[in-house]
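Dear colleague,

Here is the structure for your files. Please have a look at the model below; my notes on what was found follow it.

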Amino acid sequence: MPSTVQLTSPPAATDAVTDVPLDWPGFWLQVLRARDGELSPQLRQNPESGWELDGQVSARTAALFGLYKPLLDARAHQRRPRSQSPWLVAQLGQSLDGFVATATGDSYYVNGAHCLLHLHRLRALCDAVVVGAGTVSIDNPQLTTRRVPGPQPVRVVMDPTARLDGQSRVFRDGQAPTLWVCDTRHAAQARARLARQAVPTEVLPVDDLLATDAQACYHPQRAVDALARRGLKLLFVEGGGITVSRFFSAGVLDRLHLVVAPVLIGNGRRGLQAPPHAVMADCPRPKARTLALGPDMLWDLDLRSSSS
């Protein structure tokens, strides 16, 4: 039975999710085993089509598995000999009119609790979670998997000019390894700001990360390559809107989860921003499917399948 949407009091992101399928918690543990290449009673690997269901599960659990299957398949592919290609998924939650926050920067409860659980699952399935300096400065996130069972990803902060002060939680709490990614020319400045930290955070310098084009700001592909050399090849670009848009525009994303909330903001911080096209025939139309996450709607976009 579909859940009832309360029009006068929409669910907050901190509310508990009460409509999780009964078989999902146990099945999620099997997904985590598949993440590590292990077989389980209800999952098997097909040489041609990747991970598949091998047993009866509820319809909702099957739909959720379909959402995370591309990540499992990508990790399985990376285990093959001579496979060096990184694989990236991004997630962005925004309003019906395309904003991630109001003009004052308030972004709380744009999306609901189901979306928050989804974020934590993506973190658990990836090697690293990538966010921009703006997200760290404004939201001060933890970027952990505290809401679901699963390993902690490496936390990657994209800050090409080392403008952060090094005092945010990701640099200090020690809950997971953190990499502060900046242009090599600004690495010394970042290290100086971390010199007195009790918890080690590593600065990852990238040569020529900064772009000469002010609009582009930096080269995402060079950061991706630097992370891959560290063994971080399955990456989750979590936010914010500017960072996801930069990785999208650079063409380095394989998949995008765009979560649209039934709310109208009117004006504020933009969500996904794609390169403009003059005619519709040139606009990318990636293969897509949808999945309801509570009152929100997730668009699962396969960016390597665009018909443009």
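This is a predicted model: local features need pLDDT of at least 70, side-chain atom pairs count only at pLDDT 80 or more; totals for chains, interfaces and linings use all residues.

Asn140 lies in the loop between helix 4 (133-139) and strand 6 (154-158). Its phi is near 50 degrees, which is a positive value in a residue other than glycine.

The loop between helix 4 and strand 6 also holds Leu143. Phi of Leu143 is positive too, near 60 degrees, and again the residue is not a glycine. Is Leu143 buried or exposed? Leu143 has a relative accessible area of 1% and is therefore buried, the limit for that class being under 20%.

One more backbone feature is a cis peptide bond. The bond joins Gly239 and Gly240, with omega at about -5 degrees. Gly240 belongs to the loop between strand 9 (234-239) and helix 8 (241-249).

Next, the packing of two helices. Two packed helices are described by the angle between their axes and the distance between the axes. For helix 1 and helix 2 the angle is about 10 degrees and the axes are 10 Å apart. Helix 1 and helix 2 are therefore roughly parallel to each other, since angles under 35 degrees fall in that class.

Which residues meet where helix 1 packs on helix 2? From helix 1 they are Trp24, Phe27, Val31, Ala34 and Arg35; from helix 2 they are Thr61, Leu64, Phe65, Tyr68, Leu72 and Arg75. Sorted by class, this contact has eight nonpolar residues, one polar residue and two charged residues.

Thr61, in helix 2, has a relative accessible area of 0% and so is buried. If neighbours within four places in sequence are left aside, Thr61 is in contact with Pro21, Asp23, Trp24 and Phe27.

Now the aromatic rings. A pair of rings is described by the distance of the centres and the angle of the planes. With ring centres required to lie within 6.5 Å, the count comes to seven aromatic pairs. One of them is Trp24 with Phe27, a tilted pair at 5.9 Å centre to centre and 40 degrees between the planes. Trp24 and Phe27 are three residues apart in helix 1 (residues 24-35), so about one helical turn separates them. Both Trp24 and Phe27 are buried.

Trp24 also pairs with Tyr68: the centres are 6.3 Å apart, the planes make 40 degrees, and the pair is tilted. This pair links distant parts of the chain, as Trp24 is in helix 1 and Tyr68 is in helix 2 (residues 59-78), 44 residues apart. Tyr68 is buried, as is Trp24. Ring pairs join Trp24, Phe27, Trp28, Phe65 and Tyr68 into a cluster.

One ring has a charge over it. The charged end of Arg270 sits over the ring of Phe99, at 4.8 Å from the ring centre.

If you open the model, two places to start are the ring cluster that includes Trp24 and Tyr68, and the loop between helix 4 and strand 6 with Leu143.

Regards

Technical notes
Residues are numbered from 1 along each chain as its sequence is written. Side-chain values use heavy atoms; hydrogens and water are left out. Rings of Phe, Tyr and Trp (its six-membered ring) pair if their centres lie within 6.5 Å; planes under 30 degrees apart count as stacked, over 60 as edge-to-face and the rest as tilted. Helices (H or I, at least four residues) and strands (E, at least two) are DSSP runs, numbered from the N terminus. Buried means under 20% relative accessible area, exposed over 50%, partly exposed in between (1.4 Å probe, protein chains only). A charge sits over a ring if NZ of Lys or CZ of Arg is within 6 Å of the ring centre and within 35 degrees of the ring normal. Axes are lines fitted to C-alpha atoms, for helices over the stretch in contact, and angles run from 0 to 180 degrees between N-to-C directions. Angles under 35 degrees count as roughly parallel, over 145 as roughly antiparallel, 65 to 115 as roughly perpendicular and the rest as oblique. Contact means heavy atoms within 4.5 Å. Ala, Val, Leu, Ile, Met, Phe, Trp, Tyr, Cys and Pro count as nonpolar, Asp, Glu, Lys and Arg as charged, and the others, Gly among them, as polar.
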